[in-house]
Amino acid sequence: MKLRSDAQRNQERLVAAATEAFREQGLQVPLEEIAKRAGVSPGTLYNRFGGRDALIDAVMPALVESRVRDALTEASAIQDPWDAFARYVTLLCELQASDLALNDAVSRRFPDAAELTRICDAQMISSQELVERAQQSGALRGDFTAADLAYIFWSTSMILRATAGIAPDAWRRALGITLDGLRASAAHSLPVPPMTMDQVHVAMIGLGNRR
């Protein structure tokens, strides 16, 4: 249904204000602050979007999809399978480091934002080809799965939040150590099997509920 002109203007103001606030402070920024930036009442925000998850879904999916697609395209063009895999992981972590909203999105802090979650799930599936190429070349340990990428993004998210004002590049050292540990030449048997995608989703919901 077509919105009235004033309602359309309010929606556009809210989306613009949310985009700005999310990127400055992360997806947990108070909704009242977003409403104030947009020059509308909190009630207008809730009437238009219902809550935080719907507002996130109005702002973040297109941005995340574009950035992740660019990372996948760049990595896939690299001939060496290990370098392609490592570059993709690094690019995703660089996205986390460059923007608080992207950090929250990639690390799945708000899994109830349905469209954003769909985009992130698709990203993990799309990365499977890079994982398989690296494994077939003998460079990446054979028991690694695309679902295991979640561990990397979760840990990077926590490192970024802990070190942002102290050592903002500390995540690069941690990622370097992680990538070295993923090489087939360094692999030892793991004590438990990988999580399934369903388990990853349940874990994300749990993290979101505790934020």
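1. Let's start with a term: a residue is called buried when its relative accessible area is under 20%, exposed when over 50%, and partly exposed in between, using a 1.4 Å probe and protein chains only. Trp 82 and Phe 85 are both buried.

2. A word on the model: it is predicted, so local features need pLDDT of at least 70 and side-chain atom pairs count only at pLDDT 80 or more, while totals for chains, interfaces and linings use all residues. Residues are numbered from 1 along each chain as its sequence is written, and side-chain values use heavy atoms, with hydrogens and water left out.

3. Next, the rings. Two rings of Phe, Tyr or Trp (its six-membered ring) pair if their centres lie within 6.5 Å; planes under 30 degrees apart count as stacked, over 60 as edge-to-face and the rest as tilted. The structure holds three such aromatic pairs. Trp 82 and Phe 85 make a tilted one, at 5.6 Å centre to centre and 50 degrees between the planes. Together with Phe 144, Trp 82 and Phe 85 form one aromatic cluster.

4. Which kind of pair do Tyr 151 and Trp 154 form? Their ring centres are 6.2 Å apart and their planes stand at 65 degrees, so the pair is edge-to-face. Tyr 151 is partly exposed, with a relative accessible area of 38%, whereas Trp 154 is buried at 17%.
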